[in-house]
Amino acid sequence: MKIVSQNKCFGGELTVFRHDSDSCGTEMNFGIYLPPQAQSGPVPLLWYLSGLTCTHENAMTKGGMQQHAAHHGIALIFPDTSPRGEGVADDDSYDLGMGAGFYVNATQAPWKAHFQMYDYIVKDLRAAVQAELPISANHGITGHSMGGHGALTIAIRNPDLFQSVSAFAPIANPTRSDWGRKQLSSYLGDDESTWADYDASILLQERGWQGDILIDQGTNDQFLDLLCPQALSDVISRRRQPAVLRMQEGYDHSYFFVSTFAADHVAWHAERLNGAANGGA
């Protein structure tokens, strides 16, 4: 891993790395915040997956999570949202191609060669940070919008890798939304049975989740109809899944919304991750 930049932040260090990804077949950038507690030994890690058009930088500069992570003694990681660079397929629209990886493993041309973002998160990046940085085996995952979709689907499919999951305004039912059907058909093909592994509402109905879930959604979100929170709420009710889905009055889809509730999510994950580190106490 090559250091791109490094900044002191709330007693810890915020570093941007560049590394080779076997899954994506290209170099990838990511940011990671190590709290001051990491100087004494491995700390739990909270993954933050960003939304459409974002890079690794957006949440680092707008999410306001580092101060809370330093307080609770957990690390934060900010992956990019897609592969990038020469030879990587792209599209003229903002919601497909670079910046819009949707955290899937693409099976269709021209995306298959590089758009393996599910494996990148679950395999490549996880292995890299575990090997090179003072990170424990206790991981939580959260994200915003497309990243909330990624956080929920990745956690539900990998309960052995993640002890906690939350989301900010996730795309909750992409197989039934214009934010999803376009991308899933492009990346995975027209056989809709292959889409289910990337739909949080379907996965939660089929598999459930081992613990509780925290979700925040703004009532003034300009994309509310595309996000389909009611589908996820219905599944939570049917399965009697332990969860808190909070409709936050007046909040929109921006990072003003995310940063407002960042402290709640970091503290919520820290309680579960630090508890896991202490044997569940």
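**A guided tour of the predicted model**

Begin by selecting F102, which lies in the loop between strand 5 and helix 3; helices (H or I, at least four residues) and strands (E, at least two) are DSSP runs numbered from the N terminus. Phi of F102 is near 60°, a positive value in a residue other than glycine. F102 is buried, with a relative accessible area of 0%; buried means under 20% relative accessible area, exposed over 50%, and partly exposed in between, with a 1.4 Å probe and protein chains only. The model is predicted, so local features need pLDDT of at least 70 and side-chain atom pairs count only at pLDDT 80 or more, whereas totals for chains, interfaces and linings use all residues. Residues are numbered from 1 along each chain as its sequence is written, and side-chain values use heavy atoms, with hydrogens and water left out.

Next, select A169, in the loop between strand 7 (164–168) and helix 5. Phi of A169 is near 45°, again a positive value in a residue other than glycine, and A169 is buried at 0% relative accessibility. Return to the loop between strand 5 and helix 3 for P110. The peptide bond from A109 to P110 is cis, with omega near 0°. Most residues other than glycine have a negative phi, and most peptide bonds are trans.

Select Q116 in the loop between strand 5 (75–79) and helix 3 (117–132). Q116 is buried, with a relative accessible area of 13%. Beyond residues up to four places away in sequence, Q116 touches S23, C24, V104, N105 and A106, where contact means heavy atoms within 4.5 Å.

Move to L184 in helix 5 (residues 178–188), which is buried with a relative accessible area of 0%. Leaving aside neighbours within four places in sequence, L184 is in contact with V104, P174, T175, G189, W195 and Y198. A distance drawn between the C-alpha atoms of L184 and T55, 129 residues apart along the chain, comes to 20 Å.

Now display the aromatic rings. The structure holds 13 aromatic pairs; rings of Phe, Tyr and Trp (its six-membered ring) pair if their centres lie within 6.5 Å, and planes under 30 degrees apart count as stacked, over 60 as edge-to-face and the rest as tilted. The rings of W111 and F115 have centres 5.2 Å apart and planes at 85°, so this pair is edge-to-face. Y251 and F261 also form an edge-to-face pair, at 5.0 Å centre to centre and 70° between the planes. Y251 sits in the loop between strand 9 (243–248) and helix 9 (255–277), and F261 in helix 9, 10 residues apart. Y251 is partly exposed at 29% relative accessible area, whereas F261 is buried at 9%. Ring pairs link Y48, F78, F168, Y251, F257 and F261 into a cluster.

Proceed to I141. The largest nonpolar core has 86 residues, and I141 is among those with the most contacts inside it, together with I32, I154 and Y187; such a core is a set of buried Ala, Val, Leu, Ile, Met, Phe, Trp, Tyr and Cys residues joined through side-chain atoms within 4.5 Å. Not counting residues up to four places away in sequence, the residues that I141 touches include L46, W47, F162 and H269.

Finish by selecting G51, L52, T53, C54, N58, Y94, H144, S145, W179, F223 and H253, which line the largest pocket. A pocket, found on a 1 Å grid over the protein atoms alone, is an open set of points where a 1.4 Å probe fits, with protein on both sides within 12 Å along at least five of seven lines; lining residues have an atom within 4 Å of a point.
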